[in-house]
Amino acid sequence: MFAETIHNQRDFFQTGQTKDISFRIQQLKILKQAIVDNEAAILNALKADLNKPFAESFLAEIVLVVKEIEYAIKHIKKWTKPQKKSTPWQFIPASATIYPQPLGVILIIGAWNFPFQLTIAPLIGAIAAGNCAILKPSEIACHTSNLIAEIFNQYFDKSYLTVIEGGVETSEQLLAEKFDRIFFTGGTAVGKIIMEAAAKHLTPVTLELGGKSPCIVDTDIDLKVAARRITWGKFLNAGQACLAPDYLLVNKKIKENLLNEIKKYLQEFYGENPAKSPDYARIINQKQFDRLVSYLKDIKDLKNGKIIIGGETICDELYIAPTLIDEISWQDAIMQEEIFGPILPVIEFTNYQEVIDIVNSHPKPLALYLFSRNQSLQKQVIAGTSFGGGCINHTMIHYAAPCLPFGGIGNSGIGSYHGKASFDTFSHYKSIVKKPFILDVKLLYPPYKNKLSLIKRIFG
Ligand code: NAD
């Protein structure tokens, strides 16, 4: 069904236009202009989908993307330059060069939680590297998906960049086609489906997935600042962020004080009743709301854990209050999967090896946060655990630095992007050795007769 669209993009790619660096820069500038022109519409679409506060949308969905575009424009000439390398002396006379080349036609499948940014940010790398692309935004954030399609229809030639809207069926039809890379953002379960479909065509994949990201809190901290940063990272977008701290691992000695501070910041951020706050988002849809409410029901009915703050819900508004849970065990449903909502379980510990063992006994998370001034503990946690990326003494902000590759490991993803990493993701590095016709050493060629000992001396 989409074969013709892909065919048209392949034809466009073959014209070689996307290989021209000034074309790529021009398209990046058009993309930036399209975002600037449509800023208000983007903010409104995000408000309609998730009740996102404008300030949050502006920072996390617009500024982030615009900064990525500016970074790509600034560095593209350096990134695209052929890189000279030295050859082994036995090659002399020869030169060696690595040529970054575009891959061709890219499929980008986006998620609903940051529906604008997660669809557009990978595209920046695809454009910078000289590819054509098809975007499939998440159908669940339908206002943003419609708007992205509208914007692209207006600003770009379909045979270069286009948007195909739709749900699972559309994804499946797209996945039946051959692409030169599939860039997917979403859950681990769907990530496996994407990889299986891609394997049929040997299409390379980048998978930006999720997981349960721990937030470890030591005693050697600035309590207020730590509490403020944790509260912000967990409850931004009502916890619907792949990078949100999924659960707290807190030193028993500081737990009580930390929870009290988090309570204070919840009140400072969202007021007495967060349902009335203009700065608190809503759950995306009924399905996600019901899933999150079932955790709370388990806690209330089965007494698995204790709600220490929040727990209120308003079904009509898809509202779930910022909630903290204590006395939870690893066997409880909420600890079996990524929470992806405004519920924060708290687990206490007494020694650091225990913490490292907990992290290592679960699938590798997308992020890990450590709050501690203790440098040897910082080193111990970074070296002793495996996770995508993270912060020391903050949450989530590593995502916003274009100089840092962003991606998961193991169950939280394959590959990375942002800045140069995006360019690399959407490029093939073609290695070429160039030799003149002079000095053709016959030693290489058969018949080898008595050449072995000389070969050993020269090449061994
Ligand atoms: P999802 O996996 O349900 O959907 C993502 C995309 O895949 C959507 O466009 C959807 O239409 C498509 N899709 C869904 N089911 C499909 C199927 N069976 N076959 C083919 N395509 C299918 O994810 P989501 O609910 O949109 O997002 C939530 C998940 O994404 C969380 O796990 C979160 O951690 C993760 N996430 C990761 C990142 C990251 O950067 N690593 C960012 C945001 C979200």
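Student: How many bridges join strand E8 (residues 214–217) to strand E9 (residues 247–251)?
Tutor: This is a predicted model, in which local features need pLDDT of at least 70 and side-chain atom pairs count only at pLDDT 80 or more, while totals for chains, interfaces and linings use all residues. Residues are numbered from 1 along each chain as its sequence is written, and side-chain values use heavy atoms, leaving out hydrogens and water. Strands (E, at least two residues) and helices (H or I, at least four) are DSSP runs numbered from the N terminus, and two strands pair if DSSP finds at least two bridges between them. E8 and E9 run parallel, and the number of bridges joining them is four.

Student: Which strands are the edge strands of the open sheet of seven strands?
Tutor: The order of this sheet is E10-E13-E14-E9-E8-E15-E16, with mixed pairing. An edge strand here pairs on one side only, which is the case for strand E10 (306–309) and strand E16 (389–392).

Student: At what angle do helix H3 (residues 39–50) and helix H6 (residues 142–155) pack?
Tutor: Axes are lines fitted to C-alpha atoms, for helices over the stretch in contact (heavy atoms within 4.5 Å), and angles run from 0 to 180 degrees between N-to-C directions. The axes of H3 and H6 are 7 Å apart, and the angle is about 155°.

Student: Which description of direction does that angle give H3 relative to H6?
Tutor: Angles under 35 degrees count as roughly parallel, over 145 as roughly antiparallel, 65 to 115 as roughly perpendicular and the rest as oblique. The angle between H3 and H6 is about 155°, and therefore H3 is, relative to H6, roughly antiparallel.
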